[in-house]
Amino acid sequence: SAASDVYKRQVFGVELMKTLKLIFEFFTNNKITAIIISIIYIFVLFIANNSFGMYRYIVYTEDIFKTTETTDSFYCMPNLVTAEMVNSSSMDPWGDYINNVENNARKYKAYVPFTKVKYFNSDFNGVRIKSYIYTTDMIEKYQFNLKNGSWNNMQEQSSDYFNVIVSGIYFDYLNIGDIAEIELPNYFDSSTKKIKIKVAGKLAEPYTVPSFNTSGTDINTYDLYQKLENGLIFVESSRLTKVFKSVNNCPLTAENFIASYKSNSSEAERKEYLNYFTKQFRVTDYDNIIKNTDKVIALSFRRRLPTPLFMLSIMTVALISISVLFVNKKLREHSIYYLCGCNRRKSYFIISCAIGLMGLLGGLLNILFIVNYDFLTSNGIINMSDGLIYDGQTVLFTLLYALAVSAVSVIISILVFRKSSPIEIYRKYES
């Protein structure tokens, strides 16, 4: 009957509230200890995920470098910034300089077109974003994973809009084929020009693009790429160039670039070609970039990973030990619950929920941070390393670790609890 159903629901509600009260009372007299161990646990798990994410990113950049570049490639960095460069009236001084270098390089038999990075700033919905311009060769070369869409869509031509690959959470609400607008600023006044863009694809995490903005003596693959937090990728075209000219704007060129030898060139031709670059650039070839990266990976493995792994091990032992300690302190109370009518199964349930709560809560808070990491960084709420991978694997590791620690803590705590009967426990404490 309806009255019976209402009564059953009321009884269930009362029982549920009593059980929840008993679960939270498990931490009575242990609140400070529980809070401190939980905070340390959350922090240790955060440090571990951060270290693993940075290590994975370095390995990832090496993988994409091996996939996109050939063994004939070498990375070129200017030796110094000349007075002519500083005083140049050009809107893109490095672009003009590198174009001049490339024009002179065409006479060598080993010449292959350079890979240069061009970029510009614009506004999207009132937010400043960075965009890159790829040549058609770069579109073929750097087809990094997309969440949706296709790189082939970039080849579509239209007089109404520009096809782009979008990157970052600012564009999550857009679907493939949607048309939006960005504003291109005029360098000589405060005016802007609106440009229509059509979403051809969405770059997948970790939103990596070639940047070539790092110079140095020990260049590794980590230095060649950058996370495009929120931005666009255009394909180079005469129509896009005209748009820039119409607002006295100009994309900038990164000062470094990648050159390579023609595959069928002779050793002598390669030596002559390389000599042309070494006179005016610092050059790091493919093999040395890989060698430097392997050193960084090995160093990161030795220095970055052991500490969080050790901390996780200590944290696991600490959680188990604290759980057993809490159970021992609650044995008398649960023996009284038993004598008052609470069966052992319910005591097992209360202990399991209370102990499991400590392990799972830290894991869930870390997962919440991982899931919202892009939102937090994109909106400037936190500022962390660009070289970091937080993805499904990170969530899976965090969840599995939290479940494993919770399960082990619960099992050991239950075994400790079962060692003595409630009556024996009560007599022990009353004697």
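Tutor: We begin with a term: a cavity is a set of grid points where a 1.4 Å probe fits but cannot get out. Please also keep in mind that this is a predicted model.

Student: How many cavities of 30 Å³ or more does the structure hold?
Tutor: There are two cavities of that size.

Student: How much space lies in the largest cavity?
Tutor: The largest cavity holds about 90 Å³ of space.

Student: And which residues line the largest cavity?
Tutor: Its lining includes Met 154, Glu 156, Gln 157, Ser 158, Tyr 161, Phe 162 and Asn 163, and also Val 235, Ser 237 and Arg 239. By class, the lining of the largest cavity has four nonpolar, four polar and two charged residues.

Student: What volume has the second largest cavity?
Tutor: The volume of the second largest cavity is about 30 Å³. Among the residues that line the second largest cavity are Lys 147, Val 166, Gly 168, Asp 172 and Tyr 207.

Student: Which strands supply at least two residues of that lining?
Tutor: Strand 5 (162-167) does, and so does strand 7 (192-203). The lining of the second largest cavity divides into four nonpolar, two polar and three charged residues.

Student: Let us change topic to helix packing. At what angle do helix 4 and helix 7 pack?
Tutor: Helix 4 (residues 93-105) and helix 7 (residues 267-278) pack at about 155°, and their axes are 11 Å apart. Angles over 145 degrees count as roughly antiparallel, so helix 4 is roughly antiparallel to helix 7.

Student: Is the crossing left-handed or right-handed?
Tutor: Helix 4 passes helix 7 in a right-handed crossing.

Student: Which residues meet there?
Tutor: From helix 4, Val 101, Asn 104 and Ala 105 meet Tyr 273, Tyr 276 and Phe 277 of helix 7. The residues of this contact comprise five nonpolar, one polar and no charged.

How values were computed
Residues are numbered from 1 along each chain as its sequence is written. This is a predicted model: local features need pLDDT of at least 70, side-chain atom pairs count only at pLDDT 80 or more; totals for chains, interfaces and linings use all residues. Side-chain values use heavy atoms; hydrogens and water are left out. Axes are lines fitted to C-alpha atoms, for helices over the stretch in contact, and angles run from 0 to 180 degrees between N-to-C directions. Helices (H or I, at least four residues) and strands (E, at least two) are DSSP runs, numbered from the N terminus. Angles under 35 degrees count as roughly parallel, over 145 as roughly antiparallel, 65 to 115 as roughly perpendicular and the rest as oblique. A crossing is left-handed if the near helix is turned anticlockwise from the far one by less than a right angle, and right-handed if clockwise. Contact means heavy atoms within 4.5 Å. Ala, Val, Leu, Ile, Met, Phe, Trp, Tyr, Cys and Pro count as nonpolar, Asp, Glu, Lys and Arg as charged, and the others, Gly among them, as polar. On a 1 Å grid over the protein atoms alone, a cavity is a set of points where a 1.4 Å probe fits but cannot get out, and a pocket is an open set with protein on both sides within 12 Å along at least five of seven lines; lining residues have an atom within 4 Å of a point. Grid points are joined across faces, edges and corners, and a volume is the space filled by probe spheres set on the points.
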